[in-house]
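This briefing sets out selected local features of one structure, grouped by topic.

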Amino acid sequence: MRAILPPEAAGFAAAIAAEIDQTVVRRIDEIDNGTAPERDVLGLAALVGDFNPGWDSAGGDAAADAAFLEAAALAEGVLRRRVEVLRGRMAADAEVLAAHARSADPRVLELERGMPWKGAVFTHNLPVLFALYPASNGNWMVDAMPPEPGSFAQRLPLPEAWAGLQDAALAEASGVPDAVFTHLRRFVGAARTRDGAREMARKAIALGS
């Protein structure tokens, strides 16, 4: 595992290995031992099994060896990608927790860059209502936290009086001079600066209390 991970992610090796063992290795063992509840035809074990030469194929041991190497290459690629996905998730979790610890208000998560953050909030039961982070166009986003994974609702939406407003109209309604927009459904907004985004979040919490 450490040979796959970049040096700065070596600390995640044990946790990644444990998750792959739980979600991949044990699942394949269950299938091999006939104890799995069902066999997914698109699962890794089934895809690897499909490399076995057909009963009437030619080539003998050489064909079987070639098929094995192809299957091994597929499995290696899948596992490398899985390791990278888990590394990214754990790195994001670590950054979110560090950022939350620095936050002046635990309800407002201030991030230095855009990243997956909602999963960490759910996993660690953080009291976040809004996350602030820079967008690629230079604005700062004000992103509302959903109440549960997959929900399109918000723990606290941006104020109704801001819904669908932009630029001067939003600045007047919100009292934030550099406010840029609030989505009509109130799950996200933006300001031109970090201070502006912070002020939008602060005012939204005050109005929603």
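Asp 167 has a relative accessibility of 34% and therefore counts as partly exposed. The model is a predicted one. Asp 167 belongs to helix H5, and its phi is positive, at about 45°, although the residue is not a glycine.

- Most residues other than glycine have a negative phi.
- A positive phi is found at Asp 167, with a value of about 45°.
- Arg 186, also a residue other than glycine, has a positive phi near 70°.
- Arg 186 is placed in the loop between E4 and strand E5 (188-191), and its relative accessibility of 22% makes it partly exposed.
- Ala 168 is part of helix H5 and is exposed, with a relative accessible area of 59%.
- From Ala 168 to Asp 143 the C-alpha to C-alpha distance is 20 Å, while the two residues are 25 places apart in sequence.

**A buried acidic residue, Asp 178**

- Asp 178 is located in the loop that runs between helix H5 (167-174) and strand E4 (179-182).
- Asp 178 is buried and has no salt bridge.
- The side chain of Asp 178 does make a polar contact with the side chain of Thr 193, at 2.4 Å.
- Apart from neighbours within four places in sequence, the residues in contact with Asp 178 are Ala 191, Arg 192, Thr 193 and Gly 196.

**Salt bridges across the sequence**

- The whole structure contains 14 salt bridges.
- One of them pairs Glu 19 with Arg 89, with 2.8 Å between the closest N and O atoms.
- Because Glu 19 lies in helix H1 (residues 13-32) and Arg 89 in helix H3 (residues 60-102), this pair ties together parts that are 70 residues apart in sequence.
- Arg 89 has a relative accessibility of 39% and so counts as partly exposed.
- A further salt bridge joins Glu 110 and Arg 198, whose closest N and O atoms are 2.7 Å apart.
- Glu 110 lies in strand E1 (residues 108-110) and Arg 198 in helix H6 (residues 194-208), so this pair links parts that are 88 residues apart in sequence.
- Arg 198 is partly exposed, at 32% relative accessibility.
- Glu 112 and Arg 194 also meet through their side chains in a salt bridge, at 2.9 Å from N to O.
- Glu 112 is in the loop between E1 and helix H4 (118-123), whereas Arg 194 is in helix H6, so the pair ties together parts that are 82 residues apart in sequence.
- Salt bridges with shared partners bring Glu 110, Glu 112, Arg 194, Asp 195 and Arg 198 into one network.
- Within this network, Arg 194 is partly exposed, at 24% relative accessibility.

**The surroundings of Glu 110**

- Glu 110, in strand E1, is buried, with a relative accessible area of 16%.
- Its side chain forms a polar contact of 3.0 Å with the side chain of Arg 194.
- A polar contact of 2.7 Å connects the side chains of Glu 110 and Arg 198.
- Not counting residues up to four places away in sequence, Glu 110 touches Ala 99, Ser 103, Leu 132, Arg 194 and Arg 198.

**A nonpolar surface patch**

- Val 41, Leu 42, Leu 47, Leu 74 and Val 78 make a nonpolar surface patch of about 430 Å².
- Leu 47, one of these residues, is in helix H2 (residues 44-49).

Terms used. Residues are numbered from 1 along each chain as its sequence is written. This is a predicted model: local features need pLDDT of at least 70, side-chain atom pairs count only at pLDDT 80 or more; totals for chains, interfaces and linings use all residues. Side-chain values use heavy atoms; hydrogens and water are left out. Helices (H or I, at least four residues) and strands (E, at least two) are DSSP runs, numbered from the N terminus. Buried means under 20% relative accessible area, exposed over 50%, partly exposed in between (1.4 Å probe, protein chains only). Lys and Arg count as positive and Asp and Glu as negative; His and the chain ends are not counted. A salt bridge is a side-chain nitrogen of Lys or Arg within 4 Å of a carboxyl oxygen of Asp or Glu. A polar contact is a pair of N or O atoms within 3.5 Å; within protein, one must be able to donate a hydrogen and the other to accept it, and residues adjacent in sequence count only if both atoms are side-chain atoms. Contact means heavy atoms within 4.5 Å. Patches are made of residues with over 30% relative accessible area and no salt bridge: like charges are joined within 9 Å, nonpolar side chains (Val, Leu, Ile, Met, Phe, Trp, Tyr) within 5 Å. Accessible areas come from the Shrake-Rupley method with a 1.4 Å probe; for residues, only the protein chains shown count as cover.
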